[in-house]
Amino acid sequence: MPYQSADIFNQYALYSVLEQLGFYLPFPPWLSPIANDKLATLLYLRDAPVPPIPTVRIGTGRDVGKHLYEVALADLTYPAIVKPAGWCGGGGVNLARNAEDIRGLATLAQGGDTTLVVQPYLGDGTVDYRVYVIDGRPYPRVLRRTPEPGSPVSNASRGGIMDFPPTPPELVAATAYFAEKLPIPFYCIDFLFDGERFWFSELEPDGVIAPEFHDPQRALQRELTRARFAAYRDGHTRWLANGGAAPTLAHLSGMVTT
Ligand SMILES: Nc1ncnc2c1ncn2[C@@H]1O[C@H](COP(=O)(O)OP(=O)(O)O)[C@@H](O)[C@H]1O
Ligand SMILES: [Mg+2]
């Protein structure tokens, strides 16, 4: 959220220091802005075997009211999805019927320092498939989120229904591409299914591992969580074996001169 910007900057500073000191970072700072901004994600992963959703980004700032972004909307079809470029949980996701709706939403977003993205609406009943990638391999079950009738947003926080079917073969096959571009032990790739085909939607390096409410033991959620943290541990072990050095006392006291 924009009001957390100062905390986020502090974290970038801290993690840059830890990186320079030689710590192993399973969630490296270079990846964080790419994952946070939905257009940056789709550009970094633009050659994905599942096509990225066409996306226009509307920045924030004092000039939003001049509507200069409208030159980029010429090919947009309506209704369109208008949503924050870097929030989560389905927050701020809206449907726009026309450019005038976008003007209204863009000025609201401006008041909250929020960058937007605009995409074609993939249609009522669009379903979100989250693939959990652990150590470069797709978990055999996806988190599928289906929106409530009448809602365009499938997140649980907006009333979406969650279940865990087998990971579709097309998404299993796509994982090799993502694993090549994302050398980290755990992340989630989200795809939208419009009834006919999949679209690549977003990357969540800290994506939620949702509970399966029908199982009081939460066996799947627990297994996934264990696998995630085992993958971090294995990543650290591999990093050490490949010459990564654990920080020494001299590093930690800031006395290193090279
Ligand atoms: N272009 C789109 N077409 C159809 N539905 C969409 C589109 N973009 C987002 N949605 C719906 O809104 C939900 C939240 O959007 P998403 O981009 O995943 O943002 P968040 O980071 O908040 O999860 C998606 O899971 C999907 O249900
Ligand atoms: Mg999402």
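I count two residues as in contact if their C-beta atoms, placed from the backbone, lie within 7 Å. With that rule I looked up Y129, leaving out residues up to four places away in sequence. Y129 touches V142, R144, P168, L171, F191 and F193.

**Ground rules.** This is a predicted model: local features need pLDDT of at least 70, side-chain atom pairs count only at pLDDT 80 or more, and totals for chains, interfaces and linings use all residues. Residues are numbered from 1 along each chain as its sequence is written, while chains are lettered from A and ligands numbered from 1 in the order in which they are written.

**Overall form.** I found seven helices and ten strands in the chain. Both are DSSP runs numbered from the N terminus: helices are H or I with at least four residues, strands E with at least two. The C-alpha atoms fill a box of roughly 60 × 45 × 35 Å along the principal axes. Of the contacts with a separation of 6 or more, 62% join residues 24 or more positions apart.

**Burial.** I call a residue buried if 20 or more other C-beta atoms lie within 10 Å of its own; 12 or fewer makes it exposed, and in between it is partly exposed. Buried residues are 23% of the 258 in the chain.

**Helix α1.** I traced α1 over residues 5-21. Its 17 residues reach 24 Å from first C-alpha to last, close to the 24 Å expected. That expectation is 1.5 Å times one less than the number of residues. How many of the 17 residues in α1 are buried? The count is zero, so I noted α1 as hardly covered. G22 follows α1, with a positive phi near 100 degrees.

**Cores.** A nonpolar core here is a set of buried Ala, Val, Leu, Ile, Met, Phe, Trp, Tyr and Cys residues joined through C-beta atoms within 7 Å. The largest has 22 residues. Y129, V131, V133, L171, Y187, I189 and F191 touch the most other members. β5 (127-134), α5 (169-181), β9 and β10 each supply at least two residues. β9 gives the largest share, seven residues. Apart from this core lies another of 13 residues, among them A96, A106, L116 and V118.

**Ligand 1.** I listed 24 residues around ligand 1, taking those whose backbone-placed C-beta atom lies within 6 Å of it. I81, Q119, L122, D128 and S154 come nearest. β2 (80-84), β9 (186-193) and β10 (198-204) are the elements that give two or more residues to this shell.
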